[in-house]
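My entries follow in the order I worked.

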Amino acid sequence: MSTETSAAPGPFGDLLPSLFDFAEPHRTVEKMFREYCQKEIEPHNAEMDDGKILPFELIRKLANTFGIPEMVKAGFEKKLKEKNGKMDSAFGGGDPYIGAIFGKELSRVNPGFTMTLGASIGLCGGSIMAKGTPEQKRKYGLPVMTFEKIGCWGMTEPDSGSDAYALKTSAVPDGDHYILNGSKTFITNAPYADIFVIYAKMDRGKEMKKDKRLIFPFVMEKDIAGLTVSKPMHKMGMKASPTGDVFLDNVRVPKDQLLGGEETSAREQSKDVFAGEREGTPTMALGIIERCLEDSIKYAINRKQWGKPIIEFQLIQEKIAKMYVHYENVKNLLFKQIWLKMNKRKGWKEACAAKYYASAACVEVAMEAVQLMGGNGYMREYHVELLARDAKLLQIGGGTSEIQLLNVVKDLAREYGYEVTIDGSAPRKEDA
């Protein structure tokens with residue numbers, strides 16, 4: 001049975017990747033990009049960790065080195081001629097295998113760097129390019145996708161937690177404007193962002209305030225009156241990725257800055273963004289796992305105890321073998337997500353399941369790598385120390401692991417005609 005995908009070929013013509021591995025031309029890109037990351041990004045990890053430098057200039061250097069801005073601009077003009085202007089990716093002209101390679105290789109050297117990049121072009125820029133008007137795409141989206149400006153995407157609020165749509169940030173219509181009030185928290189890039197996509201609940205009266213469908217995204221620039229941001233938060237990991245709060249105090253947003261230009265409920269739209277974020281987790285997890293596995297094997301061969309390499313000890317062999325099992329499983333989950341995307345199949349429960357497993361596997365492998373190296377693994381001089389701290393956020397950000405499990409069950413139950421709700425308040429269909 002053939003393992004080739006049935007989707008349309010990418011920039012490498014008819015030479016498609018296997019369902020379970022990258023094709024040879026993709027491997028060439030992987031090798032080239034790995035060398036770049038190790039030479040140009042990894043040496044700056046300590047400075048980014050200490051807050052001495054920000055990742056943005058390194059991001060722009062990366063983009064310019066690989067000609068990404070020119071590629072994006074050319075792709076955008078082509079898409080506009082096709083009258084949609086929708087951009088699938090900033091990398092590889094929309095080839096998801098190239099995007100996965102970039103994400104994986106960046107995460108091998110610094111997952112926080114990947115987080116910053118992904119939040120800007122994936123969440124913020126991707127939302128604008130997918131749902132915005134042509135004017136919004138050109139004015140706000142294109143500068144983000146070409147790395148001229150930094151973007152952030154604001155949904156999470158201090159009191160909303162796992163109930164992402166329980167927003168208190170409000171948008172009140174006022175003539176040709178909306179008045180926005182509220183706050184967002186744990187927003188990647190917020191302290192230094194140029195372009196903001198902010199979600200708010202439309203407020204036209206008390207009877208509508210509890211309707212979670214009345215959620216709309218607004219796009220705005222950092223210098224708009226009433227918008228302020230906090231200083232970067234102090235975090236356990238992902239220190240190369242600045243995170244902060246966004247505050248909105250009577251921000252007057254012109255109606256043409258409502259993303260998409262129409263008051264069409266954005267709940268499903270934001271769900272697509274969440275799905276994309278969750279689909280990206282296996283990419284980051286695979287990079288972390290791959291590097292931890294490689295470093296652990298090299299360490300176990302070179303580290304001697306009682307006169308022989310510690311890889312000779314069965315408990316060490318067990319650790320490495322389990323790391324490899326997780327590596328294989330996460331890699332297969334990643335390729336399943338790519339296959340779904342290339343075949344234009346939405347897989348909500350699949351994305352949630354992939355995020356749940358990949359993030360848990362990533363944390364386990366990173367912590368086992370630290371354990372295998374003992375005191376050395378706990379030291380900053382060894383790369384697994386950074387990877388272990390950064391890995392934990394994959395179980396929290398973009399929806400906690402617990403929420404992923406709930407979403408899987410809700411989607412499965414829906415296939416049987418049963419609607420599961422957290423609070424039990426919605427009408428339910430009886431089991432067939």
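Is strand 4 (residues 195–202) mostly buried or exposed? I found it mostly covered, with eight of its eight residues buried. I took buried as under 20% relative accessible area, exposed as over 50%, and partly exposed as in between, with a 1.4 Å probe and protein chains only. Helices (H or I, at least four residues) and strands (E, at least two) are DSSP runs, numbered from the N terminus.

Ground rules next. This is a predicted model, where local features need pLDDT of at least 70 and side-chain atom pairs pLDDT 80 or more, while totals for chains, interfaces and linings use all residues. Residues are numbered from 1 along each chain as its sequence is written, and side-chain values use heavy atoms, with hydrogens and water left out.

**Partners of strand 4**

I looked up pairing, which requires at least two DSSP bridges between two strands. Strand 1 (residues 151–154) runs parallel to strand 4, over four bridges. There, cysteine 152 has phenylalanine 196 as its bridge partner. Strand 2 (residues 170–174) also pairs with strand 4 in the parallel sense, over two bridges. Alanine 171 is bridged to methionine 202 of strand 4. Strand 5 (residues 215–221) is antiparallel to strand 4, and seven bridges join them. Isoleucine 195 is opposite glutamate 221 of strand 5.

**Aromatic pairs**

I searched the whole structure and got 14 aromatic pairs. Rings of Phe, Tyr and Trp (its six-membered ring) pair with centres within 6.5 Å; planes under 30 degrees apart are stacked, over 60 edge-to-face, the rest tilted. Why is the pair of tryptophan 153 and tyrosine 199 edge-to-face? Because their planes stand at 65°, with ring centres 5.2 Å apart. Tryptophan 153 is in strand 1 and tyrosine 199 in strand 4, so the pair ties together parts 46 residues apart in sequence. Tryptophan 153 is buried at 8% relative accessible area, and tyrosine 199 is buried at 0%. I also noted one aromatic cluster made of Phe33, Tyr36, Phe66 and Phe102.

**Aspartate 49**

I found aspartate 49 in helix 2 (residues 45–49). Its relative accessible area is 15%, so aspartate 49 counts as buried. Which residues does aspartate 49 touch, not counting those up to four places away in sequence? I listed Lys239, Arg380, Leu386 and Arg389, with contact meaning heavy atoms within 4.5 Å.
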